[in-house]
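Please work through the exercises below with the sequence and the 3D structure at hand, and try each task before reading its solution.

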Amino acid sequence: MTGTAVRQVAGWEALDSRGRPTVGCRVTLAGGGTGRVVVPSGKSTGGHEAHERRDGGARYGGFGARAAVASVNGALAEVVTGLDAADRTGLDQAMVEADGDEQLANLGANAVLAVSLAVLLALADQAREPLWRMLGPRQTVVLPRPMVNVISGGAHAGGALDLQDVLVVPAAPTFSEALERCARVRAGTAQVLRRGGAWTDLVADEGGLAAGLPTNEAALAAVTEGACAAGLEPGRHVSFALDLAANQFYGDGRYNLRLEGESLDATAWTERLAQWCERYELISIEDVLHEDDWAGWSGATRRLGDRRQVLGDDLFATNLSRLRRGISMGAANAVLVKPNQAGTVSRAEAVVREARQAGYATVVSARSGDTEDHWLADLAVGWQAGQIKVGSTQRSERTAKWNRLLEIEAELGPRAVLWAPGR
């Protein structure tokens, strides 16, 4: 048995940041390297994601993960024990084949990802290298630009807004300065909302402000005013982004805005977004349309994508074949990368590579039900993804990722540069 062969796999049930069960896993290699991980889980999920395995029944409201843990300790441990962890793609493929379903519906994507990630972390531990360096050793290290949640709605905040998130995207010379600008915008926006009578002490799933507002556009206006209140100039110091999660307000072929009392077809909804782009410094719009409206996405990309990211999340579901279809159709110009959508690290990494080769921007993303692990930050750096989206600047499962990036920046000093378009 080689030193990088898998010697032991152990799984357990853990909790994510919403108090729902998820899967923890520890992998030990023959050479002594150990990787430990607790995988995240999403709430705003698309129909094309890899499938988690849940227990059903009364326990934890049906969200128990004991069956997925049994997959880790049983079928998956049997498959990977003795395999060479250095062949990560081959090991991941062996688990996919053992499941028998491309979306991992049998053993569970939460189980498969837990093993896949733990193997990766064990390799880094055995090599005595930071994970990011093992993935991409290079002289100049590009740190991802943060996209930070300021106001939440949709599934992240009990439907306070129809759209899911309004985010701030900073322009700054360093990562630490960029993150500080984001924190200032969040604080400034909270002041603006409080002056308007909103209660901002409670936060949404990803740490954003969960304020009831009369319209969806009012959230954009509030964040813009919050930036100004913080002494930052929109378009110069900061810009903004939207995560629409359009699946959630789509029905009967239309986009139904509860706050405005309107029902729009894809063309009218795209034009509404174009109007917002004219009024606000929007540089990224995510999940513009329903996940299966390919023709609509192509049209929206032509209409909106000349000067900004049209970012596919549910559209692509970190799935290589769906990304290739989007590239061929000119649907979106950027892809959100969530490892648990793909179900294995190597499949997510392949999406990053393909997207970059096609000229698509990449954004590595956390989930609403995340954990205190910080491996996602290392993936974003090692893959040179360019952008990262993990929520707001509050809640420890969010700050764990920001703190890891601050640590990498401090370690590297001037060898670390912040990503900017074209870099």
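Predicted model: local features only at pLDDT ≥ 70, side-chain atom pairs only at ≥ 80, totals over all residues.

Residues are numbered from 1 along each chain as its sequence is written, and side-chain values use heavy atoms, with hydrogens and water left out.

**Exercise 1.** Find the order of the strands in the open sheet of three strands, and say which are its edge strands.

Solution. Begin with the terms: helices (H or I, at least four residues) and strands (E, at least two) are DSSP runs, numbered from the N terminus, and two strands pair if DSSP finds at least two bridges between them. The order is 8-9-10, with antiparallel pairing. Strand 8 (250–251) and strand 10 (262–264) are the edge strands, each pairing on one side only. Next, look at strand 9 (residues 254–257), which is joined to strand 10 by three bridges, and where Leu-257 stands opposite Glu-262 of strand 10. Finally, helix 7 (residues 266–279) lies across strand 9 and strand 10, at about 110° to strand 10; such angles run from 0 to 180 degrees between N-to-C directions, the axes being lines fitted to C-alpha atoms, for helices over the stretch in contact.

**Exercise 2.** Determine how helix 5 and helix 13 pack, and which residues meet.

Solution. Two packed helices are described by the angle between their axes and the distance between the axes. For helix 5 (residues 175–195) and helix 13 (residues 396–412) the angle is about 150° and the axes are 9 Å apart. The two helices are therefore roughly antiparallel to each other, a label for angles over 145 degrees. Turning to contacts (heavy atoms within 4.5 Å), Phe-175, Ser-176 and Leu-179 of helix 5 meet Trp-402, Leu-405, Leu-406 and Glu-409 of helix 13.

**Exercise 3.** Is strand 15 largely enclosed or exposed, and which strands pair with strand 15?

Solution. Six of the six residues of strand 15 (residues 386–391) are buried, so this strand is largely enclosed by the rest of the structure; buried means under 20% relative accessible area, with a 1.4 Å probe and protein chains only. Strand 5 (residues 145–152) runs parallel to strand 15 and is joined to it by three bridges, with Val-148 having Gly-391 as its bridge partner. Strand 14 (residues 361–365) also pairs with strand 15 in the parallel sense, over four bridges, and here Val-363 stands opposite Gln-387.

Note on methods: Parallel < 35°, antiparallel > 145°, perpendicular 65-115°, else oblique. Buried < 20%, exposed > 50% of the residue type's maximum accessible area, 1.4 Å probe, protein only.
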